[in-house]
Amino acid sequence: MTVTAAAAASDTLPGETVDAVVIGGGAAGLNGALMLGRSRRSVVVIDSGIPRNAPADGVHGLLGLDGIPPAELLRRGREEVRGYGGLVVNGEVNSAARAASTMAGDPRFTVTLTDGSTATARRLLIATGLRDILPDVRGLAEHWGHGVVYCPYCHGWEVRDEPIGVLAVNAASVHHALLFRQLTDDLVYFTQGTELDKLTRERFAARNIRIDDTPVAEVMADEEGDIAGVRLADGRFVSRRVLAVATRMQARTEGLDGLGLPMEDVPGGMGRRFASGTAGTTEVPGVWVAGNATDLTAQVGASAAAGALAGAHINADLAAADTEAAFVAVSRADAPV
């Protein structure tokens, strides 16, 4: 996959300990860094420059920026973070682990990149996003982000009134079909071996959603390279211009095993994520998580908001730690010899 233009410029990792390292430079990571920078915190964002939505033509449903190309959104975000003194470093994390805390109990973390460079931080924000796992159907992956879509809110308007096919993968696909039916009168639901009970079939019929129980064997393209339809296992061809797939979503965890962050499966077979609490807190003191790494279905706006909340929470935690350290220092200075 081609690295986005947003990743063209890279800062250098600082030698001193910083207040926070943000792992992942998408909407969540950059907005978290923005909040920290505006709070006069030293912050470093480490990003591979390959966002989940890179194949998409635009980011939709984001107030004031509807339709902005993903690379442009990240370029602006990086520029804003740097405007408050933050650093953005292109790279991939090889390892991240807890280091020895200070005598006052303030956490420390060491983050090592694949090129061997390291950063030391007081706090970490994990905003690595997720990886979409597509069904194993020949020709499907080639159209991901264009003719093959996932989110009806992100891309639904752009495919309205087209002949759409829903490739079922789990129980969530039924809900998926109802949402895409709002966008087109021509919808076919391919069960792909999943169970569909009598009542659901009747509800689909009431909404004029056609059902095909024969597995899809291959996605067929037209002369322009767009989706023309699907070839079924029995040889039939079903014309479709768009395919909707509820992917299995897997939080990106590369290099993070050393932190010991708890993971959890999402009900319905939707995927696996980092477990988190209020404002992205985790069971590991000093580590927060935000965006699709913990909220698999969050759109760009929701991920950005989660990053901002986590960033504010991290700043508050640092402020409390700074106050405690200052208090301890003064107390020791005033103590009788």
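Asn315 is buried, with a relative accessible area of 18%, where buried stands for under 20% relative accessible area, exposed for over 50% and partly exposed for what lies in between, as judged with a 1.4 Å probe and the protein chains only. The model is a predicted one, in which local features need pLDDT of at least 70 and side-chain atom pairs count only at pLDDT 80 or more, while totals for chains, interfaces and linings use all residues. Residues are numbered from 1 along each chain as its sequence is written, and side-chain values use heavy atoms, with hydrogens and water left out.

Asn315 belongs to helix α6 (residues 300-334); helices (H or I, at least four residues) and strands (E, at least two) are DSSP runs, numbered from the N terminus. Leaving aside neighbours within four places in sequence, Asn315 is in contact (heavy atoms within 4.5 Å) with Leu36, Ser39 and Arg41. Ile211, by comparison, lies 104 residues from Asn315 along the chain, and the C-alpha atoms of the two are separated by 52 Å.

Taken as a whole, the protein has six helices and 19 strands, and its C-alpha trace spans about 90 × 40 × 35 Å along the principal axes. Of its 337 residues, 47% count as buried, and among contacts between residues at least 6 apart in sequence, 58% join residues at least 24 apart.

In soluble globular proteins, nonpolar side chains tend to be buried together. The term nonpolar core is used here for a set of buried Ala, Val, Leu, Ile, Met, Phe, Trp, Tyr and Cys residues joined through side-chain atoms within 4.5 Å. The largest such core has 25 residues, and those with the most contacts inside it are Val21, Ile23, Val111, Leu124, Ile126, Leu259 and Phe274. At least two residues of this core come from each of β1 (18-23), β2 (43-47), β4 (93-99), β5 (108-113), β6 (118-126) and β19 (287-289), with β6 giving the most, four residues. Apart from this core lies another, of 23 residues, among them Val137, Tyr150, Phe190 and Val230.

Helix α4 (residues 172-181) has as its buried residues Ser173, His176, Ala177, Phe180 and Arg181. Seen down the axis of α4, these buried residues fall within an arc of 130 degrees, so they line one face of the helix, the arc being that of the directions from the helix axis to the C-beta atoms. An α-helix has 3.6 residues a turn, so residues three or four places apart point the same way.
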